[in-house]
Amino acid sequence: MSGSGQRAAEYRIEDLAHLSGATVRTIRAYQDRGLLPKPERRGRSNVYGDTHLARLHQIAGLLDRGYTLASIKELLEAWDAGKGLGGVLGLVTEVDGPWTDEEADRISRAELDERFGGKPDDAAVDEAVELGVLERIPGREDEFLVPSPQELAVAVELHAAGVPLPAISGHLRELRGQVEHIAARFLEFTTEHVFARYLGHRPPTDADAAEAATLVRRLRPLAQQTVDAELARAMRLFATRHLQQHLGAEAPPVTDSEPATVTLPEETMRAVRRLVGPGNAAAFIAAATEREVQARALDAFAANHRTAGEVDQSTSNRM
C-alpha cells in the first residue's frame with residue numbers, strides 16, 4: 001500500500017515484486033545474501049519502502065550488464081559505506097554503451113533473398129544468425145534485425161562479385177578472431193598505461209570511476225582509428241606488390257607450386273605484431289592482402305560494369 005501526504009511509501013513484498021519486476025522468491029534470496037536491507041517489521045508483516053525498490057532496480061541494471069551477484073554486493077557495500085556509486089555506474093554505462101555510430105536496421109526475408117541473388121538459402125541465413133550478422137525477431141518469422149548494416153552490405157557486394165556465401169562466412173569467422181585479439185591487446189595496453197591508476201581500489205572510488213568514464217569516452221575511437229590507418233598502409237603496400245607480381249614484366253606470376261618470399265620493412269612487422277601478436281602476424285597480413293585484392297577486384301568489376309552500361313546507353317542513343 002502507498003502512503004499519503006508526507007508519509008513514505010510502504011509496500012508488501014508482493015507489491016514490491018510487482019513494481020520491481022523481481023519475484024518474491026528473488027527478493028527473499030537478495031535479503032539472505034545481504035544485497036537488500038531487511039524490511040521493517042510491523043506486527044506479523046514485513047514492510048518495504050522506496051529504498052528497497054531503488055536497490056532492486058540497481059541490482060537489475062548491474063545484472064543486465066553482466067555483473068555477478070558477488071561483485072554487485074561489493075559495489076552496494078561501497079555505496080552503503082558512503083564511498084558513492086554514481087561514478088561506478090557511469091563507468092559501467094560508458095563501457096557498456098555503443099562503440100560505433102552505426103545504427104541497427106531491419107530487413108525482411110524477401111528483401112534478404114533478393115539482395116543475395118533471389119534464391120532462398122535457409123542454411124546461409126542460419127549461419128548469418130549464428131555469426132550475429134542477423135538476429136531473429138520474436139514473433140516475426142519474415143523479418144530480421146541487422147546489427148551492422150555495413151557488414152551485411154559488404155557480404156552482399158562480395159556475393160555479387162562471385163564469392164560463395166560459405167567462403168564469406170569462413171572469412172568473417174577468421175577475421176573476427178583476429179580482430180578480437182586486437183581488441184584484447186588494446187584493452188590490455190590501455191589498462192596497463194592508463195586505467196590501472198583508477199581501478200586500483202575494489203570497487204574504485206566515485207571520483208576515480210567518474211574520471212575513468214571520461215577517459216573511456218575519449219579513447220573509445222582510438223583502437224579503430226589505429227587499425228584503419230595501419231590496415232590501409234599495409235594494404236596499399238602489399239596490394240601493390242601483389243599486383244606487380246601478377247601484371248609486371250619483371251616478376252612472373254606466383255603459383256601455388258612456386259611460393260615466394262617477400263621481405264617487409266621491420267617497422268611494418270613491428271606494427272603488425274603490436275596489433276595482433278607475433279603468432280598471428282602472418283595470418284593477419286595474408287588476410288589483409290586478400291581483402292585488398294578483393295576490394296580492387298570489386299572496384300574493377302564495378303568500373304567495367306559502368307563502362308559497359310555507358311556503351312550500351314550510347315549505342316541506344318544513336319539508334
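Helices (H or I, at least four residues) and strands (E, at least two) are taken here as DSSP runs, numbered from the N terminus. On that basis the protein has 13 helices and five strands, and the model described is a predicted one, in which local features need pLDDT of at least 70, side-chain atom pairs count only at pLDDT 80 or more, and totals for chains, interfaces and linings use all residues. Residues are numbered from 1 along each chain as its sequence is written, and side-chain values use heavy atoms, with hydrogens and water left out. Among contacts (heavy atoms within 4.5 Å) with a separation of 6 or more, 59% are accounted for by residues 24 or more positions apart.

**Nonpolar cores**

- A nonpolar core is a set of buried Ala, Val, Leu, Ile, Met, Phe, Trp, Tyr and Cys residues joined through side-chain atoms within 4.5 Å, and in the largest one, which has 18 residues, Leu16 and Ile27 touch the most other members.
- At least two residues of this core are supplied by each of helix 1 (13-20), helix 2 (24-33), helix 3 (50-64) and helix 4 (69-80), with helix 3 giving the largest share, four residues.
- Leu16, when residues up to four places away in sequence are not counted, touches Tyr11, Ile27, Tyr48, His52, Leu53 and Leu56.
- A second, separate core consists of 16 residues, including Ala128, Val146, Val156 and Ile168.

**Helix 1 against helix 2**

- Two packed helices are described by the angle between their axes and the distance between the axes.
- With axes taken as lines fitted to C-alpha atoms, for helices over the stretch in contact, and angles running from 0 to 180 degrees between N-to-C directions, the axes of helix 1 and helix 2 come within 9 Å and cross at roughly 100°.
- Helix 1 and helix 2 are therefore roughly perpendicular to each other, given that angles of 65 to 115 degrees count as roughly perpendicular, under 35 as roughly parallel, over 145 as roughly antiparallel and the rest as oblique.
- Helix 1 contributes Ile13, Glu14, Leu16, Ala17 and Ser20 to the contact, while helix 2 contributes Val24, Ile27 and Arg28.
- These residues of the contact between helix 1 and helix 2 divide into five nonpolar, one polar and two charged, where Ala, Val, Leu, Ile, Met, Phe, Trp, Tyr, Cys and Pro count as nonpolar, Asp, Glu, Lys and Arg as charged, and the others, Gly among them, as polar.
- Ile13, which has its place in helix 1, counts as buried at 9% relative accessibility, and, leaving aside neighbours within four places in sequence, Ile13 is in contact with Val24, Ile27, Arg28 and Tyr48.
- Ile13 and Ser45 are 32 residues apart in sequence, and their C-alpha atoms are 9.4 Å apart in space.

**Helix 7 against helix 9**

- The axes of helix 7 (residues 122-131) and helix 9 (residues 165-195) cross at roughly 10° and come within 11 Å, and these two helices are therefore roughly parallel to each other.
- On the helix 7 side the contact is made by Ala124, Glu127, Glu130 and Leu131, and on the helix 9 side by Leu165, Ser169, Leu172, Arg173 and Arg176.
- Sorted by type, the residues of this contact are four nonpolar, one polar and four charged.

**Salt bridges**

- The structure holds 13 salt bridges, each being a side-chain nitrogen of Lys or Arg within 4 Å of a carboxyl oxygen of Asp or Glu.
- One of them joins the side chains of Arg109 and Asp122 (2.8 Å, N to O); Arg109 lies in helix 6 (residues 109-115) and Asp122 in helix 7, so the pair ties together parts that are 13 residues apart in sequence.
- Within that pair, Arg109 is buried, with a relative accessible area of 18%, whereas Asp122 counts as exposed at 51% relative accessibility.
- Arg233 forms a salt bridge with Glu230, the closest N and O atoms being 3.0 Å apart, and, being three residues apart in helix 11 (residues 222-247), Arg233 and Glu230 are separated by about one helical turn.
- Arg233 is partly exposed, with a relative accessible area of 26%, and Glu230 is partly exposed as well, at 25%.
- A salt bridge also links the side chains of Arg12 and Asp15 (3.2 Å, N to O), and a network of salt bridges links Arg106, Arg140, Asp142 and Glu143.

How values were computed. Buried < 20%, exposed > 50% of the residue type's maximum accessible area, 1.4 Å probe, protein only.
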